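Subject: Structure handover

Hello,

Here is the structure we talked about. Please open it alongside this note; my findings follow below.

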Amino acid sequence: MNSSERRLKLMLLLQQPGKRLTVDELAERFDVSRRTIFRDFNALQEINVPVTWDRFSGYGLIEGYKIPPLMFTPKELATIMVGLNFVKSQVDQGLVEDAKGVEVKIKNVLPDDLKKFMNSLEGRTIVDPFLKFGGKKKKGGSWYLINSAIAQQKRMQFEYTTKLGETGVRKIDPYILVFYQDHWNVIGKSHLRGEIRNFILENVNEVLILEESYELKKELDVEGLIFRSDESSHSIILVVEKSEMARLEANLPAKIIKKSDVNSEKIKVEFKFDNLAFINEWLLQFGNKVNVQEPKELVEKRKALLLQMLED
């Protein structure tokens, strides 16, 4: 970390309401000497940053002083660009337009050198090109309304179209938004069945935030919501070539329960999943690098699908 970046972070630390830190605490946090911290304070005072000191609690900034909110280092700006480009690669047209709006606002308040740096990155930092260039943008989902309902813990109602093409009204307690591979989902408690359900945003329309609030009986288990299993879930056992293991773990839409070596080249993995038809098609991307051992129903589905592909 260079001195400019450290001094910016130092200002942000001291700006926190009621936050005061000693020189020793700051030196430890930034892994520098006490003398370096004192030099930083002198540099801040030279640019009229009102650093204050209390003999009992340490250093802070004078109450009411605000640092301009958009003071980025080039590395931080590059990180923002990665995030914005990820959002701009989405199939949801609303998310794409919102990301472009954020990008324009940031550019309008940046100093010339950082604006030039941001412009040089634009179009050259590509996140998920298959999403960005390969698919038609879609409308639907009202992700911001859903996000607002989650933040306020308000129930919501919307029109939902299932994979079978059936449309109906759903009322849910929305818990989290989650991105799976190529689409966004809202997970929450459905009032139709009284169960935790997953709804694909592009199939959601006519979103309405209700005046009804909901309470969480305990802290949300986000991992449990994403990788949940129930009595309808099947225990799936695969033998995977080690060369493919990292890719499988990174993209598997389930949590691996057990993993053990078969030999020096293969690993046995076990997880639970409720939709055998989906996981059967998903596993095709690994070809013969993955062998299905259990359940037998999935083995038969795999054979039937391969035969159908050959016949077609």
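**Asp40 and the model**

Leaving out residues up to four places away in sequence, Asp40 touches Arg6, Arg7 and Leu10; contact means heavy atoms within 4.5 Å. Asp40 sits in helix α3 (residues 34-46). Helices (H or I, at least four residues) and strands (E, at least two) are DSSP runs, numbered from the N terminus. Asp40 counts as buried, at 0% relative accessibility. Buried means under 20% relative accessible area, exposed over 50%, and partly exposed in between (1.4 Å probe, protein chains only).

This is a predicted model: local features need pLDDT of at least 70, side-chain atom pairs count only at pLDDT 80 or more, and totals for chains, interfaces and linings use all residues. Residues are numbered from 1 along each chain as its sequence is written, and side-chain values use heavy atoms, with hydrogens and water left out.

**The sheet and its helices**

Four strands form an open sheet in the order β9-β10-β8-β11, with antiparallel pairing. Two strands pair if DSSP finds at least two bridges between them. β9 and β11 are the edge strands, each with a single partner, so one side of each has no neighbour in the sheet. From one strand to the next, the twist averages 25°. Axes here are lines fitted to C-alpha atoms, for helices over the stretch in contact; angles run from 0 to 180 degrees between N-to-C directions.

β9 and β10 run antiparallel and are joined by five bridges. Lys258 stands opposite Glu270 in β10. Helix α10 packs on the sheet and touches β8, β9, β10 and β11. The direction of α10 makes about 135° with that of β8. Helix α12 (residues 296-311) lies across β8 and β11, and runs at about 135° to β11.

Which residues of α10 (residues 242-251) are buried? They are Glu244, Met245 and Leu248. They lie on the same side of α10, because they cover an arc of only 125° around the axis. That arc is taken from the directions from the helix axis to the C-beta atoms.

**Arg155**

Arg155 is in strand β3 (residues 154-161). Its side chain makes a polar contact of 2.7 Å with the side chain of Asp173.

**Aromatic pairs**

The structure holds eight aromatic pairs. Rings of Phe, Tyr and Trp (its six-membered ring) pair if their centres lie within 6.5 Å; planes under 30 degrees apart count as stacked, over 60 as edge-to-face and the rest as tilted.

Tyr160 and Phe199 form an edge-to-face pair, 5.0 Å centre to centre with 85° between the planes. This pair links distant parts of the chain: Tyr160 is in β3 and Phe199 in β6 (residues 196-200), 39 residues apart. Both Tyr160 and Phe199 are buried. Phe273 and Phe278 form a stacked pair, 5.9 Å centre to centre with 20° between the planes. Phe273 is buried, at 11% relative accessible area. Phe278 is partly exposed, at 37%. Ring pairs also link Phe41, Trp53 and Tyr59 into a cluster.

**Backbone points to check**

- The peptide bond from Glu294 to Pro295 is cis, with omega near 0°. Pro295 is in the loop between β11 and α12.
- Gln153 is a residue other than glycine with a positive phi, near 55°. Gln153 lies in the loop between α8 (143-152) and β3.
- Glu206 also has a positive phi near 55°. Glu206 is in strand β7 (residues 204-213) and is exposed, at 64% relative accessible area.

Best wishes

Definitions and conventions: Polar contact = N/O pair within 3.5 Å; in protein donor to acceptor, adjacent residues only side chain to side chain.
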